[in-house]
Every structure is written in structure tokens, then in C-alpha cells.
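Trainee: Could you walk me through this model before I start on my notes?
Mentor: Gladly; have a look at it here, and then ask whatever comes to mind.

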Amino acid sequence: QGQLKIAEAAMAARCRLAARFHHIHGANIRLDASHTQATRVESFANGLCFSQEPLAPGQIFLVEIEEKELGWCGHLRVGLTAHDPQSLEVVPEYSLPDLVNMGDTWVFAITRNHNRVVVEGEEVQGRGRPWEPFLLIERVRIPRDTLVGRSRPGRYSHILDDLYKMNVLPATARRSRIGVLYAPQPNGTADMHIVINGDDMGPSARGLPTTRPLYAVIDVFASTKSVRVIPVDYGFPSLQTLCRLVIQKHIVHRLAINGLDLPPLLKSFCQHE
């Protein structure tokens, strides 16, 4: 148990450092100063983004859809690639098919009908109850509350909180949270999992190489205009998270955060579950 806690602490430290976008990205993407928000400023394509660092086994790269754009068909695309973004001469216009056609890349569009690869004869496992505190994927345990999208703070948001805790946000809605990770297998390869609002979609791709670094791919495509990286605490919560919990504990609902005498960045962090 002691080794597990040490491993969780190490994972937490690495995840907080890696929870941002790579400085290499598509031509239509603009990153904020923290490299945690990516916005497509023109057209519907050239919105490719990558994680700043390769993911560790079991490490989820989680984003929240912050802004949508009407008039386009298609949604966010998510996956993994073994290509180091630094090595790309030109960032492809599309993840599908351009980046995928380069090989060693696995990307899927997020739709209402999700992707799952089932081996013949394999039973489909239950994905767990949405109210369970942790999402279990192979040997990875992730706090479910961070993974679930929430209603936007507003006049009636406190009335909706209980509904959103039950995971009713559509996958492509604003405030929906989408994550990707890989789980090593006994044969030396890995399975890629996509997580939508705390629900594991199961293996979307199998046979990924574990001998090469794997970067998260986020394609801010078409009707998805802006996304933000959400840091995930494994095991031990960060000081930032503990402060947020204390603040939230002493208010009636999240709308009241706007009236607190706090720095704007801290208010924003407290309003994002």
C-alpha cells in the first residue's frame, strides 16, 4: 500500500506538469499564456493540439469543451500519437485522415455513438456506476468527480448541479469533459481508452506501442471552438485543489463565488469543478 501511495504521488506530480498544450500546434490555434486553453480562431480546420509531454501509462489527458461555434458539422477529435510534435515539419491540417495516415496515430471523433473495440468472444464489462468515487481502468484509479462535466456557473446553476453530477451532459456539449489515456497490457502493447464525463468508453484502439513516447492529440475541429486542459489529481490532492474545496464548502452555491473578494484567476478555478 505504501508503494501504491508513492506511485500515486509521483503520478500526481507528473500530471500537473504535463497538463498543458505543446507549443507546436495547428495554424489556426491560439494558446493562452498558461498553455491550458486552446482556441481555434479561424475556419474549421488546422486546429491540431498535442500534450506538452508524452503521457505516462495510465495518465489521462483531460479537456473541457469551453466554447462551441455554430455553422460547422463535426466535433472534437481525440487520440494518441507516437510522433513527437517537435519532429513535425508541418502540423497536418486534420487529425483525420492526415495525421492518422502518417502512421502510429490513433484518433477518433467524439460523437453520440462512441468507439469501442471488442475482441471476438470477449464480454463487454460494465463501466461502473456514475456515483462511484473512482473510475477504474485496468489498474488505474482516477477520481471520477474531476472527470465529469458540470453546468456553467449562472443564475440557476445550483439547481442543476445534482443533475450534472449524475452525468447527463451530452458528449459534445459545452462543459463536457473528454479524456484519453493508454493502459499497458501483458503482451507489451497498450489499449487506448477515451473517457467522456467520467464514463470509460472501453478500448478504442489496441496494440499501441509502449516502447515509444505517446502524446495526446486534441483536434479542435468544426463545431468545437475552444477547449481547456483540466488537471487531474491522482491519490493526493494538490494544495490548489484543497483551497478550492474549502472555499466551495463555505458558500451556498457556485454563483456566490463571483461575490467573493478573490483574484479573478482563483475565482475561475473555483468555478470549474
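Trainee: In β12, what is the bridge partner of phenylalanine 50?
Mentor: Phenylalanine 50 has valine 217 of β12 as its bridge partner, and 3 bridges in total join β3 to β12, the two running antiparallel. Strands here are DSSP runs of E of at least two residues, helices are runs of H or I of at least four, and both are numbered from the N terminus; two strands pair if DSSP finds at least two bridges between them.

Trainee: Before we go on, what kind of model is this?
Mentor: This is a predicted model, in which local features need pLDDT of at least 70 and side-chain atom pairs count only at pLDDT 80 or more, while totals for chains, interfaces and linings use all residues. Residues are numbered from 1 along each chain as its sequence is written, and side-chain values use heavy atoms, with hydrogens and water left out.

Trainee: OK, back to the sheet, what order do the strands have?
Mentor: The order is β3-β12-β5-β6, an open sheet of 4 strands with antiparallel pairing. At the edges are β3 (48-50) and β6 (105-109), each of which pairs on one side only, and the twist averages 20° from one strand to the next, where axes are lines fitted to C-alpha atoms (for helices over the stretch in contact) and angles run from 0 to 180 degrees between N-to-C directions.

Trainee: And how many bridges join β5 to β12?
Mentor: There are 5 bridges between β5 (residues 77-81) and β12 (residues 215-219), which run antiparallel. Threonine 81 has tyrosine 215 as its bridge partner in β12, and leucine 80 stands opposite alanine 216 of that strand.

Trainee: How many residues of β12 are buried?
Mentor: In β12, 5 of the 5 residues are buried, so the strand is largely enclosed by the rest of the structure. Buried means under 20% relative accessible area, exposed means over 50%, and partly exposed lies in between, with a 1.4 Å probe and protein chains only.

Trainee: Which way do its side chains point?
Mentor: Tyr215, Val217 and Asp219 point one way from β12, whereas Ala216 and Ile218 point the other way. In a regular strand the side chains alternate between the two faces of the sheet.

Trainee: Switching topic, where is leucine 181, and what is it in contact with?
Mentor: Leucine 181 is in strand β9 (residues 177-184) and counts as buried because its relative accessibility is 0%. Leaving aside neighbours within four places in sequence, leucine 181 has contacts (heavy atoms within 4.5 Å) that include Gly58, Ile60, Leu80, Ile137 and His193. The C-alpha atoms of leucine 181 and alanine 56 are separated by 8.5 Å, although the two residues are 125 residues apart along the chain.

Trainee: Now the rings, how many aromatic pairs are there?
Mentor: The count comes to 5 aromatic pairs, taking rings of Phe, Tyr and Trp (its six-membered ring) as paired if their centres lie within 6.5 Å, with planes under 30 degrees apart stacked, over 60 edge-to-face and the rest tilted. One of them is the edge-to-face pair of phenylalanine 21 and phenylalanine 61, at 5.9 Å centre to centre and 65° between the planes. Phenylalanine 21 lies in the loop between α1 (2-18) and β1 (29-31) and phenylalanine 61 in strand β4 (residues 61-68), so this pair ties together parts that are 40 residues apart in sequence.

Trainee: Which residues form a cluster with phenylalanine 44?
Mentor: Phe44, Trp72, Tyr94 and Phe221 form one aromatic cluster. The charged end of arginine 77 sits over the ring of phenylalanine 221, 3.8 Å from its centre, the rule being that NZ of Lys or CZ of Arg is within 6 Å of the ring centre and within 35 degrees of the ring normal.

Trainee: And for the chain as a whole, how many helices and strands?
Mentor: The protein chain has 6 helices and 13 strands, and buried residues make up 49% of its 273 residues.
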